[in-house]
Amino acid sequence: MSVSALGSAQVFAYSPLSARPTASAGVAEAGATSARGAAASGAGLSEADLKIVSELKARDRVVRTHEMAHLAAGAGIVTRGASFTYQTGPDGQRYAVGGEVGISTSPGRTPEETLAKADQIRAAALAPADPSSQDLRVAAEAAQMAAEARQELAAASGNQEAGRVGAAYAGAAAAGAPAGGQVDAWA
């Protein structure tokens, strides 16, 4: 899954390393036309083609489950539903091999709204059982957004100690510290 900035929106796109074409996937793409003809004429698929179809079906389920997890956790901040990248199998069917979900990552009107939205963005990014590196990056950006909102809240309340701690969290998130990781804050 990858996430790319689109204005004030992020995109969750599922495409882990296992999605890279393998030798058998290349064979599947190259032989898709002839396999479609064979499938249409009623001829059975070879054992190798059946294995490719089985792998594509499994990949399709994983991709769709991954994107649906983002959609479910991102209710209210989703800017567009799941879109998929397909590969045609030797049986002539199209299987999802990648996908993405768009979400709004713009801050709220108040620090409180921003904090709540950052929490939801983080939850949506980490919703799948196997978040990608892009999902983790979005979660880290959401953690930074939350830290900045906390810092604004602390500054508004006059609590300088909380402001310094919030600044430490924001600095750690900006430095690429993993979301939920340990942060040293020296006040």
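Strand β4, spanning residues 94-104, is largely enclosed by the rest of the structure, because nine of its eleven residues are buried. This description refers to a predicted model.

The partner of β4 is strand β3 (residues 78-88); the two run antiparallel and are joined by eight bridges. Within this pairing, F84 has G99 of β4 as its bridge partner, and S83 stands opposite E100 in β4. The two strands form a hairpin with five residues between them. In the turn, G92 adopts a positive phi of about 85 degrees.

## Overall architecture

The protein chain contains six helices and four strands. Read from the N terminus, the order of elements is β-β-α-α-α-β-β-α-α-α.

Of the 187 residues in the protein chain, 35% are buried. The chain exposes about 10,000 Å², and carbon and sulfur atoms supply 55% of that area. When contacts in the chain between residues at least 6 apart in sequence are considered, 65% of them join residues at least 24 apart.

Helix α3 covers residues 47-73, a run of 27 residues. From its first C-alpha to its last it reaches 39 Å, close to the 39 Å expected at 1.5 Å a residue.

L56 lies in α3. With a relative accessible area of 7%, L56 falls under the 20% limit and is therefore buried. Beyond residues up to four places away in sequence, L56 touches Q87, G89, P90, Y95 and V97. Two of these contacts, Y95 and V97, fall within the range of β4, residues 94-104, while Q87 falls within that of β3, residues 78-88.

## The loop between β3 and β4

Where does G89 lie? G89 is found in the loop between β3 and β4. Its relative accessible area is 0%, and G89 is therefore buried.

G89 and L56 are 33 residues apart in sequence and 7.1 Å apart in space, C-alpha to C-alpha. G89 and D49 are 40 residues apart along the chain, and their C-alpha atoms are separated by 8.2 Å.

## Nonpolar cores

The largest nonpolar core has 13 residues, of which I103 and I121 touch the most other members. β4, α4 (111-125) and α5 (133-157) each supply at least two residues of this core. The greatest contribution comes from α5, with six residues. Apart from this core lies another, of five residues, among them I52, V53, L56 and Y95.

In soluble globular proteins, nonpolar side chains tend to be buried together.

Helix α4 has 15 residues and reaches 21 Å from its first C-alpha to its last, close to the 21 Å expected at 1.5 Å a residue. Its buried residues are T114, L115, K117, A118, I121, A124 and A125.

A129 and V62 are 67 residues apart in sequence, with 9.9 Å between them in space, C-alpha to C-alpha.

## Confidence in the model

The average pLDDT of the protein chain is 76, and 61% of the residues score at least 70. Over residues 1-8 the pLDDT stays under 50, and the model has 38 contacts for this stretch beyond four places in sequence. Residues 180-187 also have a pLDDT below 50; beyond near neighbours in sequence, this stretch has eight contacts in the model. Where pLDDT is low, the predicted coordinates should not be read in detail.

How values were computed
Residues numbered from 1 in each chain as written. Predicted model: local features only at pLDDT ≥ 70, side-chain atom pairs only at ≥ 80, totals over all residues. Heavy atoms only, no water. Expected span 1.5 Å × (residues − 1). Buried < 20%, exposed > 50% of the residue type's maximum accessible area, 1.4 Å probe, protein only. Contact = heavy atoms within 4.5 Å. Areas by Shrake-Rupley, 256 points an atom, 1.4 Å probe, with all protein chains shown as cover. Pairing = 2+ DSSP bridges. pLDDT = per-residue confidence, 0-100. Core = buried A, V, L, I, M, F, W, Y, C linked by side-chain atoms within 4.5 Å.
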